[in-house]
Amino acid sequence: MDPQIKNILQDLYSYDPEFMKHEDRLKSILEELIKSKPDTQFDPSFAESLRQKLAIQAETQTETQTNKFNLNLAFFKKPYFIWGGSLMAIALVLTILSFGQKDGKPFLSVLTGKIQKPNPNSNPALTDKTSGQATITGIKSFTSSEEFLAYLQETQNIQNNRGYGIGGGPATLMENSSAPLAKSGFNSTASDSGLAANQTISRVSDTNVQVAGIDEPDIVKTNGKQIYFSGPQNYYTYGQPGIMNKISPDAELIPSQYYQPKTVIVNALPPEQIKTLGKIDTQGEMLLYKNTLIIFSYDRIQAFDVSKPEAPVKSWTMSYNGNGQLVTARLKDGKIYLVTKNYPDLGTPCPLKPMSLDGAAIEIPCASIYHPIRPIPDTSTFNAFVMDATSGQVSKKLSFMGSFGQSLAYMSEESLYITYTLNKDQLDVMVDFLTTNGKDFLPNSMTDKLKKVQGYDISGQAKLVELQNILEKYFSSLSADDQKKLENNMQNKLEDYYKTRMRELVTTGIVKIALGNFEISATGEIPGTPLNQFSMDEYQGNLRIASTIGQGFWVWGWGGNSESANDVYVLNTNLKTIGSITDLGLTERIYAARFIGNRGYLVTFRQIDPFYVLDLSNPASPKKSGELKIPGYSSYLHPLDTNIILGVGQENGKVKLSLFDVSDPSNPKELDKYSMDEYWTEAANNHHAFLQDSKHGVFFLPGGQSGYIFNYKNGKLNLEKAVANIQAKRALYINDYLYIIGDNQITVLNESNWEKIKTLDLQ
Amino acid sequence: METLQEQLISSCQNGEPENFGGLYNAYVRKIYDFLYYRTMHKETAEDLTSLTFTKALERINSYSASKGSFSAWLYQIARNSLIDNYKQTRPTDPAETLENFAGKDNLETQIEAKLNLEKVQKFLNTLDEEKREVVTLRVWDGLSYKEISEVLGKSEASCKMIFSRTLEKLNKEVTFALMYLFILKSLT
């Protein structure tokens, strides 16, 4: 056996001996993979020329370091080979893909949802269909650890029996992309520390957030007196269209973990004398409540008392247990609403212990773990906590079972919504296709047999084998002519079948937690997947949610842009769908969404950028009121004024800003646009990087390594000021001074004349 | 006892960067392949390989074995280069990379290669970020869980969990795929 194959197999077996059962199949797959390994076209002459280049660089470095000529001709002449062996360079993916196609053409196959007529009012995954009586939420909690484990066992069975449409849409663990301003409670902070007597703070900006008054973690926080800046660092950003999701870079290429992680504390006033007060040796996104600074690093959450900002004192530490990770956090009225996620296994009985506070495990009893009545595959436990920001004490907690894929969180004044992606049982889909459509190309005796197998009380794996046998027998009995006919008929039917079922293949489960009693108040399900937190909005008790359909169900050529559509659903307080707009931007996907009061704004994109204005004044009958088609796309929409929306996106590979006039919803207009000489802005993917200062009629965004301030007065976009090459990340204002925060320095500008007041080096 | 690699690193850090050659020899192909899989473009992969090693040599003193393995450090630099590149360039149209594929062969091969590439991209886009990272690092780049955990800054346990979960699903997909492969075979 090829050593690489052996290695991968052994790895899998040691993790889960169950894989051994499939050795032959896994082996042939891996062999196939190696055969289809893409040629990376490695060019030895390139390697040689780079070697020469590095040799020269090494000499120069030696000269610089030792300040003497020390030509070492041995450079690269010693044949060191530390790593042997060839690369395992195959995409598992490739093989699987190659299995799925024939003659280079996608072989559409047989999979799609649990086949009921699409009924947006039903919550198939979350309602008890057997009893016929839907509970209020369609979920219940566990009564014992045994029940919990039995449920896990069952979900694993489903998992083993199901094919899967891999969780689709933008991968989002931390909430991403694209925002009003939150008052994070620190304006009311009254500590006088560090504030000169003659300095008053008349106004101070907050992180640009989705819901005013609900703060979101970010790498810069201020209370108007101190600025806390955590970085530089690597962190994830999402949603950049058309390319692999990527990690937001350091300005430096050298991994940041080799720098000492730090959060710097800067005295912000007076602006001409800003100075570094101290630092904390950890970094991550932060929340600030009064004198407590909370830092979310990848393996723990730490809080510091910063009442003496020059000497912060750690007040509490919350650490993740097992494979736990942060989904998101919000801060409202001194309370942190924290959502984390764990992947449980059969060795994890309840009570769950997903987090520890200062070393003491926080237990979630079986009775506080909710699950859909019908088990879902690919289970994760989501854990939600209400914590006191100052003490870290957890006052409320619960868990619920959701799926492993993409998860988003949105918090309104009243509720916390958490979504997860659900993929339909492919076995069911296949059988359903064959039984419902099979009569057109299969004899009745065959469809009867298939139905019968479906009804057997055996594992999905066994059913699959049975089905395979039946089909195998049948196909081999046909003549070549009949086989060709059957193949064509099947393909044809599959296309239609997919189109009618696409809203059932990948759906999104929504769990709503009431902030008051912190209990699950409703669950729901919608077709497709939402893009990011801005795809959701609660207004007058209803949840509006925008989703892309037909993305993420990857099966033998299905899914992808060619079949996608975009919908907007309005769900009532019980998360039942009461209205919808469907099929916006066919063949496109959502790039940005924003709901404001009675209106919704949506950008879909494939080649041009339709900007849609939606009328949501009647929740039961939402409708498209207008659209505008322009080149490029926007991936962040920001309301600058009641009827002026700014779009931040791209056109022709450059950052584009568009000013939309939506005063006439039936006829949105592009008032002005500005094409920046930058390839990328973080604001297109992360709304925290954007700052609006309406007093001065300007907004800030980083672009490339620089910071940009645009004036949007009179419906025109004018570049007011550019601050070059400071590796700009964020901006904030205190009184009438704009602080531009870059990886290595902070520059303070006077907003009345945009003159540079002071630059502070953070190195 | 210090391994040869450790000796090379410490000699580079102690003013003899010419010994970087041994490290370069050991990793150039791996890093190039890593970059190629993620760009599917020969020239870009070469440019980024140059950048990765130039930076690594320049900053060799900032590497510390106590913070992780040398290979993970190199992969992180390569990954950061890649990210910077994404930031600065437009997404490459799969069609534009076509010329990279077996240009010498006939049109049919090219089209097949292009279809494959599009399918790979489509598939990859359906995986969420962390699954994609872990699976590609494990299967394409052949890194160990320990290395993956260092590159990604995640725990080893969670990398293992993510990989096996994804593989479990892939395995399931393959069951279906094989079944259809069988049907195809019986149909032709």
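## Overview of chain A

Chain A has nine helices and 44 strands, where helices (H or I, at least four residues) and strands (E, at least two) are DSSP runs numbered from the N terminus. The model is predicted, so local features need pLDDT of at least 70 and side-chain atom pairs count only at pLDDT 80 or more, while totals for chains, interfaces and linings use all residues. Residues are numbered from 1 along each chain as its sequence is written, and chains are lettered from A and ligands numbered from 1 in the order in which they are written.

Of the 763 residues in chain A, 50% are buried, a residue being buried if 20 or more other C-beta atoms, placed from the backbone, lie within 10 Å of its own.

## Nonpolar cores

The largest nonpolar core holds 138 residues, of which Y739(A) and I740(A) touch the most other members; such a core is a set of buried Ala, Val, Leu, Ile, Met, Phe, Trp, Tyr and Cys residues joined through C-beta atoms within 7 Å. Leaving aside neighbours within four places in sequence, I740(A) is in contact with residues including G707(A), V723(A), I726(A) and L749(A), where contact requires C-beta atoms, placed from the backbone, within 7 Å. Another core, of 56 residues, lies apart from the largest one and includes L48(B), F53(B), A56(B) and W140(B).

## Helices 2 and 3 of chain B

Helix 2 (residues 20-39) of chain B and helix 3 (residues 42-58) of chain B have axes that come within 9 Å and cross at roughly 140°, the axes being lines fitted to C-alpha atoms over the stretch in contact and the angles running from 0 to 180 degrees between N-to-C directions. The two helices are therefore oblique to each other, a term for angles that are not under 35 degrees (roughly parallel), over 145 (roughly antiparallel) or 65 to 115 (roughly perpendicular).

Among the residues making this contact are Y24(B), V28(B) and I31(B) of helix 2 of chain B and L48(B), T52(B) and F53(B) of helix 3 of chain B.

Just after helix 7 of chain B, G153(B) takes a positive phi of about 70°.

Helix 6 (residues 129-140) of chain B packs against helix 7 of chain B at an angle of about 135°, with their axes 10 Å apart, which makes this pair oblique as well. The contact is made by E133(B), V134(B), L137(B) and R138(B) of helix 6 of chain B together with I148(B), V151(B) and L152(B) of helix 7 of chain B.

Technical notes
Contact = placed C-beta atoms within 7 Å. Buried ≥ 20, exposed ≤ 12 C-beta atoms within 10 Å, placed from the backbone.
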